[in-house]
Amino acid sequence: MKTRLSAAGATLLALLVTVLAFGQPAHAAAGFSVADGRLYDANGAEFIMRGVNHAHTWYPQQTSSFADVKALGANTVRVVLSSGDRWTRNTGADVANVISLCKANRLICVLEVHDTTGYGEQSGAITLARAVDYWLSLADVLSGQERYVIVNIGNEPYGNQNYASWATDNADAIKRLRAGGLTHTIMVDAPNWGQDWSFTMRDNAASVFAADPARNTVFSIHMYGVFDTAVEISDYLGRFRAAGLPIVVGEFGFNHSDGNPDEDAILAYSQANGIGWLGWSWSGNGGGVEYLDLATNFNPASLTDWGQRLFNGVNGIRETAREASVFGGTPPPTTPPPTTPPPTTPPPTTTPPPNGGCTATYTVTNQWQGGFQGEVRVTAGARAITGWTAGWTFANGQRVTQSWNVALTSSGITVTARNTDYNGRLAAGASASFGFLGSWTGANSPPVVSCTAS
């Protein structure tokens, strides 16, 4: 994590190519695998990262941090390592110990080399090729750990300059790792200090994915000041989802020197769409971004406001994290059950199917006192459509407060939702969905939704 610059006002582009689709793994695999844009563990169970970053290479003595973040509910930890080019090298013995700490605490380990940060702009930063050299030197340590370890080639390769070779360099790096015997799921970071304001990763992700002989690559976006609105967040992540490409938010914060990221939108959209995330960072930040510490002085009993939000807030770790099935089952929740039963979730409602055109299904996917999260799925009828408009009127005075993957307007209790430029064209029988957050008082009965196709 370094200082990011503001986003360029570039016109959003559509993804250039689609990705070969794969079905969900039907049987146990040697390690993690990717299918249909989602991550599955070695048992074939979908795994969604909910965790934090830990600056191990600068604080190697803080080994209790693994147990601490687990006790707070995390299922993953992204561990900062060094190849020795900019900071003290993490040896094979040290990396083996990190992996053992993750396994002992039933955490999935994402291991990353930090020395690549800001290559082409940051003095001393190394190439992805140099990071691959480091990983290959650890091949004996990593071998056999595919069920528990994901290899993040290099942190934030490329700053805001000289990043045109991002796709070629990542493709070459992945091929070298595979040729060197690494069968782990590989994670690749975006350029532009991880924030991809140039859309270089977004528009070239499909070609990098296709370059992996194992088709087992996950993309990681870092969300700081560039992602300060819900529209930017949902559009970026939504394009990966629509293309069937696996995406995680590998870093994000609640504030930053380059702007104020919308952490609530990141958490809500990720929860609604099954996208993993890893908050930056457990503790030990310096250089003016100390406010990004989740815990004060590595003390789990002294969470900062950011730590309270990430671990204990709505759509946070305690509420949404599920342990990887390779650890033999999910332990009891770390928070006590509520003393009063939660509100029941209303069943979905569907409009009657028209002759052609489209139908729309409204579902409350999550609900809490005073608020809820909803999803509407639009399905084309017997003929392909080029666009759609869904609409409904709330019966109990509910209000939509935030939405994604849709152009949504409200007038009182009446809501109109139109497709975006990337999810309006649907083949016969195909579907697209959008999500939203809303408020309610007293009752939250689902409305009947109409759908008109164009």
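**Disulfides and cores in the predicted model**

Cys102 and Cys109 are both buried (under 20% relative accessible area, with exposed set at over 50% and partly exposed in between; 1.4 Å probe, protein chains only). This is a predicted model, so local features need pLDDT of at least 70 and side-chain atom pairs count only at pLDDT 80 or more, while totals for chains, interfaces and linings use all residues. Residues are numbered from 1 along each chain as its sequence is written, and side-chain values use heavy atoms, leaving out hydrogens and water.

Searching the whole structure turns up two disulfides (cysteine sulfur atoms within 2.5 Å). One links Cys102 to Cys109, S to S 2.1 Å, and is right-handed, with 60° about the S-S bond. The other joins Cys358 to Cys451 at 2.0 Å; its torsion is about -105°, so this one is left-handed. Cys358 sits in strand S12 and Cys451 in strand S19, so the bond ties together parts 93 residues apart in sequence (strands are DSSP E runs of at least two residues, helices H or I runs of at least four, numbered from the N terminus). Cys358 is buried at 2%, and Cys451 also counts as buried, at 15%.

As for packing, the largest nonpolar core has 103 residues, with Leu111, Trp135 and Phe219 among those making the most contacts inside it (a core is a set of buried Ala, Val, Leu, Ile, Met, Phe, Trp, Tyr and Cys residues joined through side-chain atoms within 4.5 Å). Helix H7 supplies the largest share, six residues. A second, separate core of 25 residues includes Val376 and Trp388.
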